[in-house]
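Dear colleague,

Please find below the structure that I am handing over to you. A summary of the findings follows it.

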Amino acid sequence: MKNTMIVNDQHAVPCVIMRGGTSKGPIFLASDLPEDVAMRDRLLLAAMGSPDKRQIDGIGGADTLTSKSCIVAPSSRPDADVEFLFAQVAIDKAEVDVNPNCGNMTAAVAPFAIEAGLVPVTGDQTLVRIYNQNVGALVDVLVATPGGKVTYSGDAAIDGVPGTASPLILRFKDIMGSKTGRLLPTGKPINYIDGLEVTCIDVAVPMVMFRARDLGIKGNETKAQLDGNAELIARMEAVRRKASELMGLGDCTGKVVPKMAILSEPTKGGDITSRYFVPHNCHATHAVTGAICVASCASLSGSIVDGMIELKAQPQQWIQIEHPSGVIAVELTIEGSGPNLSVISGGVIRTARRLFEGRVLVPENILTEVAG
């Protein structure tokens, strides 16, 4: 904890709060956090104000999209400049989940790394090569750096974020079989679980895909409508737990992976409609990694969307995914088809902004209790 200070009876830990895509949270340098995992998690929970549904005693926003954190360090890998660990901090539970990745927060890691002096500026645009420790994924992010510094102003707009900002181009590589090592972890494009046809697929993040009509809904419902449907969420969760075992992920109780999505026909000119779950409530927009996985499912013949939408089969394509707050576009590069489909990369355009820099204060006993 190189730069941590004691202020009265609290630890003052350096951090930068950043918005990345449609998420936000504190970003730490790994050298400023405890190496001990239990101590680190206690610090993150205290910083965010968990467990408490309001997170009133911390900097969390009482929403899964604003209870996220990234821990960044220089990388010794020849194919990466920096590496980071993403942490999803539970709101009303004392849990820190480092199983998933977060594509939106990955967008924030790139400019953070440049401004932290971990990556030198190379011109009007700077490529930041990032290795995600959670799932072993490589991401190339192109950041605008005119005049030798990061610029956040620009004319790029993404649904779910007000205003415009400088675009960040993210390309996720080596994403097929991110956790399971296989595109189709069960070996089949469709599995029958509890009377439902689902597709279990692993691209950027393992997911269980449902057809909206099989669940008795339209698929374009609002987040509030879906979150209020306790029977629907319980039914999906029961399937998710069984699917997790079939996918080789074990018991997923208390974990956020595999994720879930409800897929249906587009209604606003896109290619497919998705309602992404995180996993026990509907995402207000759409996760980046989840969007790449949905786009891959939309390109897979024999999946649950085969016959429901016009499958994409071109080697490189943009797939427009409708979500509760608009549309997210995914640049997908593929080879082959059907069971021989290979997903080479998935790209998105995101924006990010530095919101706060300073120190977050956590009670001194948060660390001394664990150490003792």
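Which residues does Ile292 touch, not counting residues up to four places away in sequence? Ile292 touches Phe172, Ile175, Val203, Ala204, Val330, Leu332 and Gly346, where contact means heavy atoms within 4.5 Å.

Before the other findings, a note on the source is in order. This is a predicted model, in which local features need pLDDT of at least 70 and side-chain atom pairs count only at pLDDT 80 or more, while totals for chains, interfaces and linings use all residues. Residues are numbered from 1 along each chain as its sequence is written, and side-chain values use heavy atoms, with hydrogens and water left out.

The core

Ile292 is also among the residues with the most contacts inside the largest nonpolar core, together with Ile130, Met209, Leu263 and Ile321. This core has 67 residues; the term denotes a set of buried Ala, Val, Leu, Ile, Met, Phe, Trp, Tyr and Cys residues joined through side-chain atoms within 4.5 Å. Helix 2 (residues 103-115) supplies the largest share of this core, eight residues. Helices (H or I, at least four residues) and strands (E, at least two) are DSSP runs, numbered from the N terminus. In soluble globular proteins, nonpolar side chains tend to be buried together.

The surface

Met5, Val7 and Leu361 form a nonpolar patch on the surface, with about 230 Å² of accessible area together. Such areas come from the Shrake-Rupley method with a 1.4 Å probe, and for residues only the protein chains shown count as cover. Patches are made of residues with over 30% relative accessible area and no salt bridge, like charges being joined within 9 Å and nonpolar side chains (Val, Leu, Ile, Met, Phe, Trp, Tyr) within 5 Å. Met5 lies in strand 1 (residues 5-7). Met5 counts as partly exposed because its relative accessibility is 39%; buried means under 20% relative accessible area, exposed over 50%, and partly exposed in between (1.4 Å probe, protein chains only).

Salt bridges

The count comes to 14 salt bridges, each being a side-chain nitrogen of Lys or Arg within 4 Å of a carboxyl oxygen of Asp or Glu. One of them joins Asp214 and Arg211 (2.9 Å, N to O); Asp214 is partly exposed at 27%, whereas Arg211 is buried at 10%. Another joins Glu237 to Arg240, with the closest N and O atoms 2.8 Å apart. Both residues lie in helix 4 (residues 230-246), three residues apart, about one turn of the helix, and both Glu237 and Arg240 are buried. Elsewhere, salt bridges that share partners join Glu115, Arg354 and Glu357 into one network.

With kind regards
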